[in-house]
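Q: I have a model open in my viewer and would like to learn how to read it. Could you take me through it feature by feature?

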Amino acid sequence: MNAAGPVVVTGPRPRATSVDPAHTVTVHSPAEVSVSRLVSADDPYLEGHYPEFTVYPGAFIVESVYQAVLHLLWRTRGADAWARPVSIDSVRFTGALAPGDTLDVHCACEPTAPGRLAATARCTTAGNTAAQVRMTFEVTPSEGGSHA
């Protein structure tokens with residue numbers, strides 16, 4: 001709510017749809033992974049975010065961190081490994097991504113307790129930091145089936 005009162009949204013509101021956020025994946029070690037994704041102007045979710053100033057949704061940056069962790073687990077623990085996000089401990093968006101930009105996510109992971117993994121990610125575009133994300137995951141041998 002702002003000083004003038006609650007914001008009222010009228011009419012249909014375009015809904016963002018999820019797409020595969022990782023175009024390339026590089027596993028550097030059992031604790032580090034990088035993923036990247038080209039932000040394409042043709043992606044349907046960009047139509048409504050925002051029509052006059054299109055930016056890549058921050059939720060998809062967080063999703064890219066999640067995808068990075070999943071790829072790390074699949075490569076290091078097998079295709080049945082799975083992670084469930086437990087918490088987003090910190091997110092700081094410091095730059096916007098526009099169509100044509102490439103999102104690069106470098107993610108460092110460490111176990112924090114049995115079955116728990118903490119991920120710290122630096123998300124960049126053209127070498128500039130776009131976001132910093134810290135998340136905690138519950139890791140299981142299999143949840144939700146194989147990623148295949």
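Q: What joins strand 1 to strand 2?
A: A strand here is a DSSP run of E with at least two residues, numbered from the N terminus, while a helix is a run of H or I with at least four. In this structure, a hairpin of two residues links strand 1 to strand 2. Please keep in mind that this is a predicted model, where local features need pLDDT of at least 70, side-chain atom pairs count only at pLDDT 80 or more, and totals for chains, interfaces and linings use all residues. Residues are numbered from 1 along each chain as its sequence is written, and side-chain values use heavy atoms, with hydrogens and water left out.

Q: In what sense do strand 1 and strand 2 pair, and over how many bridges?
A: Two strands count as paired if DSSP finds at least two bridges between them. Strand 1 (residues 24–29) runs antiparallel to strand 2, with five bridges. Val-25 stands opposite Val-35 of strand 2.

Q: How many bridges join strand 2 to strand 4?
A: There are seven bridges, and strand 2 and strand 4 (residues 102–113) run antiparallel.

Q: Why is strand 2 described as largely enclosed?
A: Start with the cut-offs: buried means under 20% relative accessible area, exposed over 50%, and partly exposed in between (1.4 Å probe, protein chains only). Strand 2 (residues 32–38) has five of its seven residues buried, so the rest of the structure largely encloses it. Across the protein chain, 35% of the 148 residues count as buried.

Q: Which residues form a nonpolar patch on the surface?
A: Like charges are joined within 9 Å, and nonpolar side chains (Val, Leu, Ile, Met, Phe, Trp, Tyr) within 5 Å. Here the members are Ile-88, Val-91 and Phe-93, with about 270 Å² of accessible area together; such areas come from the Shrake-Rupley method with a 1.4 Å probe, and for residues only the protein chains shown count as cover. Val-91 belongs to strand 3 (residues 82–93) and is partly exposed at 33% relative accessibility.

Q: What is the phi of Ala-126?
A: Most residues other than glycine have a negative phi. Ala-126 has a positive phi of about 50°, although it is not a glycine. Ala-126 sits in the loop between strand 5 (116–125) and strand 6 (128–140), and is exposed at 76% relative accessible area.

Definitions and conventions
Patch = residues over 30% accessible without salt bridge, like charges linked within 9 Å, V, L, I, M, F, W, Y side chains within 5 Å. Salt bridge = Lys/Arg side-chain N within 4 Å of Asp/Glu carboxyl O.
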